Amino acid sequence: MQEIERKFLVSGDFKSKAFAWSHIVQGYICSAQGRTVRVRIRDDKGYLTIKGPSNEAGTSRYEWERELPLEEAEQLMKLCETGVIDKTRYLVRCGKHVFEVDEFYGDNEGLVVAEVELNSEDEEFEKPDFIAEEVTGDRRYYNSQLMKRPYKTW
């Protein structure tokens, strides 16, 4: 399945607008440039995700994901590269879209990023008032890169 998304820094209140949230811990079995294999534990569920390389604009790439039993995800986390992403994801509805707002912890404390998934690269969407600078395509903000070069080191 092709994933099309845009990514933004966040400034201002988003938590009061959230209709749901969850805690996410994830690691990478492989984080080679352009291809990643991710293990994620979201609340009490596990997931395995494989992502292909992004297009030139950084807006689109292939993504495959399957839910795993929690115990299997916990075992796969032990195979991951050094470093982990720890964050809370808030879901905020704006117009016809849902923005996923990630508040990071640990070595990425202080970073808050919002993503919106689109049906096409030129799809119009309404931006909530907490949206700041667009960082789509800036590899520093990819979770696989934040694991290797955390926000606190910038």
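Which element gives the most to the lining of the largest pocket? In this predicted model, that element is β1, with 5 residues.

The protein chain has 2 helices and 9 strands. Read from the N terminus on, its elements follow the order β-β-β-β-β-α-β-β-β-β-α. The radius of gyration is 15 Å, close to the 15 Å that the globule rule gives for 154 residues, so the chain is as compact as a globular protein of that length. Along its principal axes, the C-alpha trace spans about 40 × 30 × 30 Å. Of the 154 residues, 47% are buried. Among contacts with a separation of 6 or more, 60% are between residues 24 or more positions apart.

Now back to the largest pocket, which holds about 500 Å³ of space. Its lining is made up of 25 residues, and Glu 3, Glu 5, Lys 51, Glu 63 and Glu 117 lie nearest its centre. Besides β1, the elements that each supply at least two lining residues are β3 (36-42), β4 (45-51), β5, β8 and α2 (143-148). By class, the lining has 14 charged residues, along with 6 nonpolar and 5 polar ones.

What about space that is closed off? There are 2 cavities of 30 Å³ or more. The largest cavity has a volume of about 100 Å³, and 13 residues line it. Nearest its centre you will find Glu 5, Lys 7, Gly 58, Arg 61 and Tyr 142. Two or more residues of this lining come from β1 (2-10) and from β5 (60-68), and β1 gives the most, with 4 residues. The lining of the largest cavity divides into 6 polar, 5 charged and 2 nonpolar residues.

The second largest cavity contains about 40 Å³ of space. Lys 7, Lys 87, Asp 102, Phe 104, Val 113, Glu 115, Tyr 141 and Asn 143 line it. Here β7 (97-104) and β8 (112-117) each supply at least two lining residues. By class, this lining has 4 charged, 3 nonpolar and 1 polar residues.

How values were computed
Residues are numbered from 1 along each chain as its sequence is written. This is a predicted model: local features need pLDDT of at least 70, side-chain atom pairs count only at pLDDT 80 or more; totals for chains, interfaces and linings use all residues. Side-chain values use heavy atoms; hydrogens and water are left out. On a 1 Å grid over the protein atoms alone, a cavity is a set of points where a 1.4 Å probe fits but cannot get out, and a pocket is an open set with protein on both sides within 12 Å along at least five of seven lines; lining residues have an atom within 4 Å of a point. Grid points are joined across faces, edges and corners, and a volume is the space filled by probe spheres set on the points. Ala, Val, Leu, Ile, Met, Phe, Trp, Tyr, Cys and Pro count as nonpolar, Asp, Glu, Lys and Arg as charged, and the others, Gly among them, as polar. The radius of gyration is taken over C-alpha atoms; the globule rule is 2.2 Å times the number of residues to the power 0.38. Buried means under 20% relative accessible area, exposed over 50%, partly exposed in between (1.4 Å probe, protein chains only). Contact means heavy atoms within 4.5 Å.
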